[in-house]
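Here are some friendly notes to read alongside the structure. Keep the viewer open and look up each element as it comes along.

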Number of protein chains: 2
Amino acid sequence: MPTAIDPKVPSFVPVPAASHFPLYNLPYGIFSPAPTASLRAGVRIGDHVLDLSVIEDCGLLAAAGLPPGTFDQPWLNRFMELPAEQRRLVRLLIHGLLREDEPTLRDDATLRARSLLPASSVTMHMPVMIRDYTDFYSSREHATNVGIMFRGKENALMPNWLHLPVGYHGRASSVVVSGTDIVRPCGQTIAPDAATPSFGPSRLLDIELEMGFLVAGSNELGTPVSVDEAWDRIFGMVVVNDWSARDIQKWEYQPLGPFNAKNFATSISPWIVTIDALMPFACEAPAQDPEPLPYLREQDRRTFDITLSIDLQAEDDEPLTICRSNFKHLYWTMAQQLAHHTCTGCNLGTGDLLASGTISGPDKGSYGSLLEITWRGTEPVTLPGGGIRKFLADGDRVTMSGVCEKDGLHLGFGEVTGRILPAHKDLQ
Amino acid sequence: MPTAIDPKVPSFVPVPAASHFPLYNLPYGIFSPAPTASLRAGVRIGDHVLDLSVIEDCGLLAAAGLPPGTFDQPWLNRFMELPAEQRRLVRLLIHGLLREDEPTLRDDATLRARSLLPASSVTMHMPVMIRDYTDFYSSREHATNVGIMFRGKENALMPNWLHLPVGYHGRASSVVVSGTDIVRPCGQTIAPDAATPSFGPSRLLDIELEMGFLVAGSNELGTPVSVDEAWDRIFGMVVVNDWSARDIQKWEYQPLGPFNAKNFATSISPWIVTIDALMPFACEAPAQDPEPLPYLREQDRRTFDITLSIDLQAEDDEPLTICRSNFKHLYWTMAQQLAHHTCTGCNLGTGDLLASGTISGPDKGSYGSLLEITWRGTEPVTLPGGGIRKFLADGDRVTMSGVCEKDGLHLGFGEVTGRILPAHKDLQ
């Protein structure tokens, strides 16, 4: 793991004190500087974006020996599939370019104008081509809450839950970048007293506060990745909102799991924070009892201390923070998820998204879905403007965020936000 | 639908009487003519493959106005995303080139040598880049059989089953082309009398006889495809073997559905038979009672009469046919599957694979999985050489095939075959 970067080194680019993006963070994203311009890679610093395609084109990353045009791409996949050491060198070179004491970019006004763009002037896009998306169910608190609601306290956790990271395949094509409006889905639901289902817009539209990691590199089909090798396959992390239609889910999910209830959209934050940047915030994951089977036993049971929040904002109202949680609560780690996923020989490829499942903490106030926050609608949320919410109304905006703080070092993920549009009119 | 092609027109290319690939079929695939050669598109005729990249390069498809290099690609996606009318014109042009009475290719020995290759000399590859793979559960007989085994006769079908085509997201990266060996997966399973699970090679490795269709074109996220528009989005069909580890499935599948039980491999036949070629074999799908909700009601409730079979062959033994079924048995049609999938606004893209789920017929002998054929292992299969099978043994080969026959016209899908290799040695 990298030790070469000193978190305290300042940049010549101004970084506001509360910014998620100090020089130490340097998260990767894909943006277009103008509506007609091509998509390219950048890193975020303070309120600016550094255009890596320009920096690469000028030869300033030559020492990394990148294949030509690595950052002049509509996705980060080509960069992400490079060896970890080469990617770390790129991070070091970018850091070096942006340091306060390094004149190359600092003193070249022309190059600065071409490569350092105000973040407010660019459009962010999906950072990766996600071939396959997997969603886990790794929060013990969330699984227990949902279990209590649907099966009672005694049988809350399924018998398999403490033995393996339960997960399922999600829909990759509908993973969208923060800012994308979400059309309320239509689907089949059944009223509690009805004999037959009906069709129409979902009435129980919910959110799920999750984080996800993006996979670097590929394992061949038939070749598992061990739990201790797994860290080398994790490029970085994003905040994920797994939009969920609870009424559709309830009717459809037996016996093959959620399908239409979740295939209409999953939103991710645009900047991928690398594992290297997160290392100062590493902490031990919760102890596991019973001890997992050997293929899930980690030498170094590592997770990250990332404070998460959810804001809910009705149209023409102020936002209300409805959840404060933390990534470190998760029972199953990213390494365990990856090892379990591949233990059958399943091949994971660069750009695959593996999400955590809803991250609920131990207390009320730390629950990561409206289902839990309003306890199935029995304890509605009152918004600042007086609106009442059991689930989402059209026009509502949901914004999730993640920040890390330790020893004066502060960084974050920015946000993943989305607004609910009315259902498609043909189907209402 | 095309009427311009007369199924009785012969080709100058010899077509054996029993061949799946008469001039009328012209299925598309991706092949390499030699180990070091690039991948390109071809159509199959008799025991030959016509190299479409050569034919296109010679200008013989110019009338179709294809983007340059449409067939000089490692996948068919670029061709599949063209408008249906343009694709039909290509089919007509290829048919015209291969007719007995058309001299252009017939009398050009040099071009024939370059473009018409013995099928036995080429290597077949994945025909499409599958971004997302969805697997349905559309056989009433299969769902009933499995339901009886696990929940008893009275509660065999889940309450939702007759109202919607149940489906789930599968793993796209591990869809492989026919001929690929399948490594027996390892995973967590629990013995009937055990308190805790154990880890090791699956002992209940099974097959599922399915067919799948490949999607043409894209719908925008948030915009459903109606059941009557759905046919324009179906490019063609393949035979699918959805390999399944029943012991892993049983332990993991609650509450989110199958995951590791199926993510290690799904095999498809290499030649995509177009819907146009299948039209002579169109027939009415089974009547539905109760009548489905309006968004699933079809003006033309069309399916296809395709006879399916499964052969099981132990190492050093002869193959045994263990199933004869038919695609027409399926309760939910491809158009209903596609409309249901997108009714939430979910975006399907070119190359997506939507598979049917196990296709079981009404009688013993027409069941599409070993789970049903051996009725959970209580009625094992005896192979010609004396071997006994409840589920698959290492070295076993499974081959599935599909053929259509009507009014003297005969065509087929070739086969999807795969052999079981022992589990990965690190994990045994």
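1. Start with a pair of strands in chain B. Strand S25 (residues 397–406) and strand S26 (residues 409–421) of chain B run antiparallel and are joined by nine bridges. To see one such link, find Cys404(B): its bridge partner in S26(B) is Leu411(B). Keep in mind that this is a predicted model.

2. Now widen the view to the sheet. Five strands of chain B form an open sheet in the order S9-S26-S25-S20-S21, with mixed pairing. Strand S9 (182–183) and strand S21 (320–326) of chain B are at the edges with a single partner strand each, so one side of each has no neighbour in the sheet.

3. Next, compare the two chains.

4. Which domains does the assignment give for chain A? They are domain 1 (28–125) and domain 2 (133–427). The C-alpha centres of these two domains of chain A lie 30 Å apart.

5. Finally, look at where these domains touch. In chain A, 16 residues of domain 1 are in contact with 15 residues of domain 2. The area buried between them is about 1400 Å², with carbon and sulfur atoms giving 64%. Across this interface there is one salt bridge by the rule.

Methods. Residues are numbered from 1 along each chain as its sequence is written. Chains are lettered from A and ligands numbered from 1 in the order in which they are written. This is a predicted model: local features need pLDDT of at least 70, side-chain atom pairs count only at pLDDT 80 or more; totals for chains, interfaces and linings use all residues. Side-chain values use heavy atoms; hydrogens and water are left out. Two strands pair if DSSP finds at least two bridges between them. Helices (H or I, at least four residues) and strands (E, at least two) are DSSP runs, numbered from the N terminus. Domain bounds come from an automatic or database domain assignment. Contact means heavy atoms within 4.5 Å. Buried area is the accessible area (1.4 Å probe) that two parts lose on being put together, summed over both. A salt bridge is a side-chain nitrogen of Lys or Arg within 4 Å of a carboxyl oxygen of Asp or Glu.
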